[in-house]
Amino acid sequence: MANLNINIGKLQLKNPVMTASGTFGYGTEFSDFFDISRIGGIFVKGTTLRDRQGNPYPRMVETPSGMLNAVGLQNKGIDYFINHIYPTVKNIDTNIIVNVSGSTIKEYVETAEKLNSLEKIPAIELNISCPNVKEGGMAFGTNCLSAAQVVKVVRRVYKNELIVKLSPNVTDISEIALAVEAEGADSVSLINTLLGMAIDSEKRTPILSTITGGLSGPAVKPIALRMVWEVAQAVKIPVIGMGGIMNAADAIEFMLAGASAIQIGTANFIDPTVSIKVLDGINDYLDRHGYKSVTEIIGALEI
Amino acid sequence: MKKFMLDLIVKKNEVLNNQYSLLILTSHNKLPEMLPGQFAEVRVDHSPTTFLRRPISINYIDYETNELWLLIQIVGDGTRKMYELKAGDTLNLIFPLGNSFSLPEKKDARILLIGGGVGIAPLLFWGSYLKERGYTCNFLLGGRSKDNLLQLCEFERFGNVYTTTEDGSHGECGFVTQHSLLKASNFDYIYTCGPTPMMKAVASYASKTKANCEVSLENTMACGFGACLCCVTDTTEGHLCVCTEGPVFNITKLKWQI
């Protein structure tokens, strides 16, 4: 059996398989199905400074090989997380990483500051790419200057591993990646969802309450893979790849393209045990190809 | 209640008419315990246009014969695949999911279960559960025509059955809320499942007659177990997931204009 350990900057992972924010709740929703401590990390639901109710229903539409969502960062706020959720999740024997979002830079900073003091939260994922909120979110992540600005101020207050989650809704994702790297991001994760839309032709109305939403699932995988490949070549910091991963082969493709680790998102809704299957599949692949360590396949694409 | 993801075996798929079938599932192992009102998330294989699972109410459970019943109505490609399943096929389910209906406080409570179309599905299990515990049930079932009135014989095992059809082909003509039973009798507890306009009309009747009323919602879901937060409904406690906090809600908790 190959060595599956991976380091993402200061973050030590027992294996490269993690679950994406907004698709895995706080982990405990999945503990009936498998031992969630076996995976490398859990990115918990997007957290903001204050309680957010999210967008009105309908928030989801099934699409060809994927889905559109417009949840809009529904969460009970960082203080609720610290007081009511952290005491439980801190006992899960894997990396618990909090995805942080905000409407203003000040909100990002205050939320990140509060997370500094939590011993069992080794990293945050700065979400500058949520397409479903009116202010903040993706607005920060689609422009080099604003992306750099929010990373710069959060970097000043946040001491642990700072992962920045990038938006694919840009002309050149490498430019954004370089801009956040220059301001001290320790790693980048990509892609967040692609902005999309669905229409009910019979009623002549949009299906989502917000008209547009974020597309995820295997439909986006080729785009995500291309973007991970581009970013991995552009930056020196580690890249965490995601976007439509449904099985081990998909995950391996992302690693060959340059991702040091991967996140599984939408697939969790269809098979809550998918992350373990991906982990086992990566293991088989490494054995089959005679690799001693999973690090050997990172960026091993032959062109 | 522990959730499972299991491959169940199709024991029989009984075609009720060209729109509905009764899918009878079984397992080599003992089926887990479940409660009336709960549902399953069904994975639909070999349907290229069906990406997500489909939430389907638990219609009935028989622990002795180890059978789990799902009532299927063809709505799109996913449910059509389920309608076409044959004995011996397997079907992957995540279940049991969601909460359940709540028992009336007193055994002599006057109870009415109102269902419309395929929405009658969870009421059969609920009716059997109530009867087993010594309650007396009345069922008021409605459909567009007699083809949409399903499982009447099954319901008759567990209580008095009243029907309405919009075309008058079975029972009284009109909507369930126009049935003479509602004028003639009073009920302490009303449970309903069906199209939203019907449930709102029932909720309005219940609220006027001061009956305790629970409705079973069926919002669009991605996961079914509280991870995606897509299926929310607006309540007095804010947005709540229908899959974990529901599907059964007391009408006093919902922000319905009734």
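Analyst: Gln151(B) is placed in the loop between strand S9 (137-143) and helix H3 (152-156) of chain B. Helices (H or I, at least four residues) and strands (E, at least two) are DSSP runs, numbered from the N terminus. This is a predicted model, in which local features need pLDDT of at least 70 and side-chain atom pairs count only at pLDDT 80 or more, while totals for chains, interfaces and linings use all residues. Residues are numbered from 1 along each chain as its sequence is written, chains are lettered from A and ligands numbered from 1 in the order in which they are written, and side-chain values use heavy atoms, with hydrogens and water left out.

The backbone of Gln151(B) has a phi near 55°, a positive value in a residue other than glycine. Is Gln151(B) buried or exposed? Gln151(B) counts as buried because its relative accessibility is 11%; buried means under 20% relative accessible area, exposed over 50%, and partly exposed in between, with a 1.4 Å probe and protein chains only.

Leu229(B) also belongs in this account. It lies in the loop between strand S13 (212-216) and strand S14 (232-235) of chain B, and its phi is a positive value near 60°, again in a residue other than glycine. With a relative accessibility of 15%, Leu229(B) counts as buried.

The next topic is the cysteines. A disulfide is a covalent bond between the sulfur atoms of two cysteines. Here the term is applied to a pair of cysteine sulfur atoms within 2.5 Å, and the structure holds zero disulfides over all chains. For Cys137(B), which is in no disulfide, the nearest cysteine sulfur is that of Cys213(B), 15 Å away. Cys137(B) is buried, at 1% relative accessibility. Cys230(B) is likewise in no disulfide, and its nearest cysteine sulfur, that of Cys228(B), is 3.6 Å away. The relative accessible area of Cys230(B) is 1%, so this residue is buried.

The domain assignment of chain B gives domain 1 (4-97) and domain 2 (111-216), with bounds that come from an automatic or database domain assignment. The C-alpha centres of these two domains of chain B lie 23 Å apart. Domain 1 of chain B gives 17 residues to the contact and domain 2 of chain B gives 17 residues, where contact means heavy atoms within 4.5 Å. About 1400 Å² is buried between domain 1 and domain 2 of chain B, and carbon and sulfur atoms give 67% of that area. Buried area is the accessible area (1.4 Å probe) that two parts lose on being put together, summed over both. In domain 1 of chain B, the residues that lose the most area to domain 2 of chain B are Pro36(B), Tyr60(B) and Leu71(B), together 36% of what that side buries.

The peptide bond between Phe95(B) and Pro96(B) is cis, with omega about -10°. Chain A has a cis peptide bond between Tyr57(A) and Pro58(A), with omega about -5°. Pro58(A) lies in the loop between strand S4 (41-47) and S5 of chain A.

Strand S5 (residues 60-63) of chain A is joined to S6(A) by four bridges, and the two run antiparallel; strands pair if DSSP finds at least two bridges between them. Glu62(A) has Met67(A) of S6(A) as its bridge partner. Two residues lie between the strands of this hairpin, in which Ser65(A) takes a positive phi near 55°. S6(A) also pairs with strand S14 (residues 212-216) of chain A, in the antiparallel sense over three bridges, and there Met67(A) stands opposite Ser216(A). Both faces of S6(A) (residues 66-69) are covered, with Gly66(A) and Leu68(A) buried on one side and Met67(A) and Asn69(A) buried on the other.

Finally, one residue of chain A touches chain B. Asp271(A) is in the loop between helix H8 (267-270) and helix H9 (274-288) of chain A. Not counting residues up to four places away in sequence, Asp271(A) touches Lys277(A) and Met5(B). Asp271(A) is buried, because its relative accessible area is 14%.
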